Amino acid sequence: MTTNKRTAVVILNWNGADMLKAFLPQVIAACGEEGEVIVADNGSTDHSREMMAEVFPDVRLIALPENYGFAEGYNRALAEVEAEFFLLLNSDVEPARGWLGPLLAYMDKHEEAAACCPKLLSYRERDRFEYAGASGGYIDRLGYPFCRGRIFGDVEADRGQYDDTVSVFWATGAALMIRRSDWLKAGGLDGRFFAHQEEIDLCWRLHRMGRDVVCVPASKAWHVGGASLEQGNPRKTFLNFRNNLMMLYKNLPEGELKAVMRTRRWLDALALLQFALKGDLKNAAAVRKARKAFKAMREELGEDRRRLAAEAVTDNVTGRLPINLLVAYHLKRRKTFSAIVDYLSSH
């Protein structure tokens with residue numbers, strides 16, 4: 001179905017009736033005349049659909065028959081939407097009034113940009129960045145993601161230090177705007193990821209297509225975070241470790257693949273050992289399970305790797321920084337993005 005507005009703001013919901021009831025009025029007000037708000041229900045078993053019909057009868061609802069996860073849920077939902085821009089939005093996000101304006105203005109002026117995101121702040125501590133995206137995402141040479149405003153678990157206060165609009169490696173999936181044409185050309189999200197880091201994989205593929213990804217901090221939103229799986233949940237550990245390996249195997253340049261994957265094997269073993277020494281046997285098992293699952297998928301991922309390499313315009317992508325983030329953070333004590341940049345410039 002074609003929307004009469006340029007942007008389709010699509011919220012993927014799974015058993016989040018209370019979140020929708022709390023945040024949807026603010027999303028509708030914030031989008032104004034610039035975006036149509038659509039809810040895609042991912043096979044919820046709570047009263048989400050009944051609540052939508054009763055409280056928000058004028059909001060379009062796409063009813064998916066089961067929970068496909070974040071990645072495939074969006075693939076299926078957006079296949080039913082036509083608009084110039086898609087904006088993937090978590091159900092626990094409060095956008096600022098008029099937040100679409102700066103995003104659309106940038107995209108209109110920069111045809112090379114495939115995707116962009118707002119500055120993401122914490123809903124609970126409103127003057128601090130939010131873990132899931134802060135002011136734009138990066139990865140190090142081993143695939144560890146971090147942000148302007150968040151390195152691992154260290155989250156900075158927002159003092160305007162990252163308010164410049166910049167090209168980044170990845171835009172947060174909590175509030176990701178993408179041209180429909182680029183979404184289709186890239187093939188959307190990789191449904192095998194289910195959830196976590198699928199947006200980083202998508203952005204890497206966009207970069208390799210010769211397209212740009214940008215953070216536009218003039219647009220901002222506040223994110224609750226942890227609405228699906230909390231930090232430390234073994235399921236989340238499994239998805240993060242497995243999906244990160246999948247992403248690396250699909251996208252790494254050929255000259256780096258063996259060295260990076262070998263190093264990651266040792267580092268993942270170290271992470272498993274750390275969980276075990278802490279007595280957290282469930283998360284230790286999750287790391288082992290993630291490695292095993294990745295190994296089982298390697299043949300089909302190899303097919304994707306060859307196809308993506310053949311289609312790639314470049315492997316020289318923005319925002320993949322030539323550092324070992326573990327060394328910079330743990331050994332050199334560089335705990336902020338600015339400190340990471342200073343460390344990079346001195347090496």
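**Exercise 1.** Is Asn324 buried or exposed, and what relative accessibility does Asn324 have?

*Solution.* The model is predicted: local features need pLDDT of at least 70, side-chain atom pairs count only at pLDDT 80 or more, and totals for chains, interfaces and linings use all residues. Residues are numbered from 1 along each chain as its sequence is written, and side-chain values use heavy atoms, with hydrogens and water left out.

Step 1. Buried means under 20% relative accessible area, exposed means over 50%, and partly exposed lies in between (1.4 Å probe, protein chains only).
Step 2. Asn324 has 17% relative accessibility and therefore counts as buried.
Step 3. Asn324 is placed in the loop between strand 14 (320-321) and helix 10 (325-331). Helices (H or I, at least four residues) and strands (E, at least two) are DSSP runs, numbered from the N terminus.
Step 4. Contact means heavy atoms within 4.5 Å. With neighbours within four places in sequence left aside, Asn324 is in contact with Asp140, Arg141 and Leu142.
Step 5. The side chain of Asn324 also reaches the backbone nitrogen of Leu326, at 3.0 Å.

**Exercise 2.** Determine which strands pair with strand 6, and in which sense.

*Solution.* 
Step 1. Two strands pair if DSSP finds at least two bridges between them.
Step 2. Strand 6 and strand 13 (residues 212-223) run parallel and are joined by nine bridges. In this pairing, Ala113 stands opposite Asp212.
Step 3. Strand 12 (residues 175-179) pairs with strand 6 in the antiparallel sense, over two bridges. Here Ala115 stands opposite Ile178.
Step 4. Strand 6 (residues 113-122) is mostly covered, with 10 of its 10 residues buried.

**Exercise 3.** Describe the largest nonpolar core and the surroundings of Trp183.

*Solution.* 
Step 1. A nonpolar core is a set of buried Ala, Val, Leu, Ile, Met, Phe, Trp, Tyr and Cys residues joined through side-chain atoms within 4.5 Å.
Step 2. The largest such core has 85 residues, and Tyr74, Leu88, Trp183 and Leu206 have the most contacts inside it.
Step 3. Apart from this core lies another, of 33 residues, including Phe56, Leu104, Ala113 and Leu120.
Step 4. Compare the covering of helix 6 with the buried positions of helix 8.

*Solution.* 
Step 1. Helix 6 (residues 198-208) has 11 of its 11 residues buried, so it is largely enclosed by the rest of the structure.
Step 2. Just after helix 6, Gly210 takes a positive phi of about 90 degrees.
Step 3. Helix 8 (residues 254-277) has 24 residues and reaches 35 Å from its first C-alpha to its last. This is close to the expected 34 Å, where the expected span is 1.5 Å times one less than the number of residues.
Step 4. The buried residues of helix 8 are Leu257, Val260, Met261, Arg264, Asp268, Ala271, Leu272 and Phe275. They pack against helix 7 (234-251) and helix 9 (281-311).
Step 5. Ala269 is also found in helix 8, but is partly exposed, with a relative accessible area of 40%.

**Exercise 4.** Which values of phi do Ala134 and Gln197 have, and where do these residues lie?

*Solution.* 
Step 1. Most residues other than glycine have a negative phi.
Step 2. Ala134 has a positive phi, near 45 degrees. The place of Ala134 is in the loop between strand 6 and strand 7 (137-140), and Ala134 is buried at 0% relative accessibility.
Step 3. Gln197 has a positive phi of about 70 degrees. Gln197 is found in the loop between helix 5 (180-186) and helix 6, and is buried with a relative accessible area of 10%.

Technical notes. Polar contact = N/O pair within 3.5 Å; in protein donor to acceptor, adjacent residues only side chain to side chain.
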